[in-house]
Amino acid sequence: MMAEAGAGGPRLAELLALGRRLWEELEASTEPSSGVPAVQDKVRQGLDALKRAAAMVTQLELFSENEELEEIASADLKFMLLPALLGALTLKQVDLSRRREHLESAREHFLHFLKLCRNYGLGSFQLPPGTSGQEEARSPSAPRDPSQPNLVAMAMSRSAKIERYKQKKELENKLASMSSSVESGTADEDQIREFYILQIQKWIGTSLEEIESIDQELVILKSRDAARQAPAGPRGPPRPARTPVKPFILTRDAAQARVFGAGYPGLPTMTVDDWYEQRRKQGIVSTPQRVPAGASDEEMQKQQKETEEEEDDEEALRKARDWDDWKDTHPRGYGNRQNMG
């Protein structure tokens, strides 16, 4: 195993180092937006380097399901981080049209990393719900009503998050105290091995958190896509288009219609009776209907309401006629005694 890893030469290690360095630079970046071209260039470069390194690891068969953790050379342990780093960099892509694709791809990378760690017995954790192989970690239980919240699962999830947070802080402190000796080359093999195993354990917690966030975002995206594709619901019959009303002169009777019509030949004239009849034909004003014998109280109330509405219209019409009569017999300014000069 070690010979095969060495056969890859420094090239494999350089690709991993490049991808990891670019990811660390992106994490420490102070750019206001991750959509800046320079930022996305680093994301693409990092993904390219890590994908090439992952292909070389597969070709060299550095990791196998049939071996134990002790069989892996200390120098090769760091290559177990490749799928986790690939998932982290995949999430930094900002193409909104491919967001769902990127989320699903990142989830696969994180799951690959978690399954690899689980195969070697690194860390004590359960794979996320819905993952193949996750069911075997569950203990058999009685069927539960899906409409009721699983309080036990919620409490376990909260406890697991608290525990992961504590472990993360402890791991970060240990790594910080060991990083200088490992990077300077003064650490022995046991220290190097412990350092890489601590890094793997730290990324286990990160991967679990990222998958949880990805699953939540995927639910939102799927709901949005379903809402866009759903056919529009029934909106009832369309309202009939209203016929535009042409301007006309409303007069009291036919005599006034002849007088005003002569002064305004461009506008048609119409008496009040003609206007009322036209509105009745249009269904806006209806003629009173006789209530049939034996009608129910509801029908009688409905008919009474219609009659009251029509009486209101007739009252308004009467007032309009009285106003016209008053204007015919009283010149403009009649009764104004305040400004007599």
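**Helix packing and salt bridges**

Tutor: Helix α4 (residues 82–90) and helix α5 (residues 99–119) pack at an angle of about 160 degrees, and their axes lie 7 Å apart. Axes are lines fitted to C-alpha atoms, for helices over the stretch in contact, with angles from 0 to 180 degrees between N-to-C directions. Helices are DSSP runs (H or I, at least four residues) numbered from the N terminus. This is a predicted model, in which local features need pLDDT of at least 70 and side-chain atom pairs count only at pLDDT 80 or more, while totals for chains, interfaces and linings use all residues. Residues are numbered from 1 along each chain as its sequence is written, and side-chain values use heavy atoms, with hydrogens and water left out.

Student: Are α4 and α5 roughly parallel or roughly antiparallel to each other?

Tutor: They are roughly antiparallel, a term for angles over 145 degrees.

Student: Which residues make the contact?

Tutor: Taking contact as heavy atoms within 4.5 Å, α4 contributes Pro 83, Ala 84, Leu 86, Gly 87, Ala 88 and Thr 90. From α5 come His 102, Ser 105, Ala 106, His 109, Phe 110, His 112 and Phe 113.

Student: How many of those are nonpolar, polar and charged?

Tutor: Seven are nonpolar, six are polar and none is charged. Here Ala, Val, Leu, Ile, Met, Phe, Trp, Tyr, Cys and Pro count as nonpolar, Asp, Glu, Lys and Arg as charged, and the others, Gly among them, as polar.

Student: Changing topic: how many salt bridges does the count come to?

Tutor: The count comes to 14, where a salt bridge is a side-chain nitrogen of Lys or Arg within 4 Å of a carboxyl oxygen of Asp or Glu. One of them joins Arg 20 and Glu 24, at 3.6 Å from N to O.

Student: Where do Arg 20 and Glu 24 sit?

Tutor: Both are in helix α2 (residues 9–27), and because they are four residues apart, about one helical turn separates them. Asp 48 also forms a salt bridge with Arg 52, the closest N and O atoms being 3.8 Å apart. Asp 48 and Arg 52 are likewise four residues apart, in helix α3.

Student: What is the relative accessible area of Asp 48, and of Arg 52?

Tutor: Asp 48 has 44% and is partly exposed; Arg 52, at 38%, is partly exposed. Buried means under 20% relative accessible area, exposed over 50%, and partly exposed in between (1.4 Å probe, protein chains only).

Student: And what is the phi of Glu 61?

Tutor: Glu 61 has a positive phi of about 55 degrees, although it is not a glycine. Glu 61 lies in the loop between α3 (37–60) and α4, and counts as exposed at 57% relative accessibility.

Note on methods
Helices (H or I, at least four residues) and strands (E, at least two) are DSSP runs, numbered from the N terminus. Angles under 35 degrees count as roughly parallel, over 145 as roughly antiparallel, 65 to 115 as roughly perpendicular and the rest as oblique.
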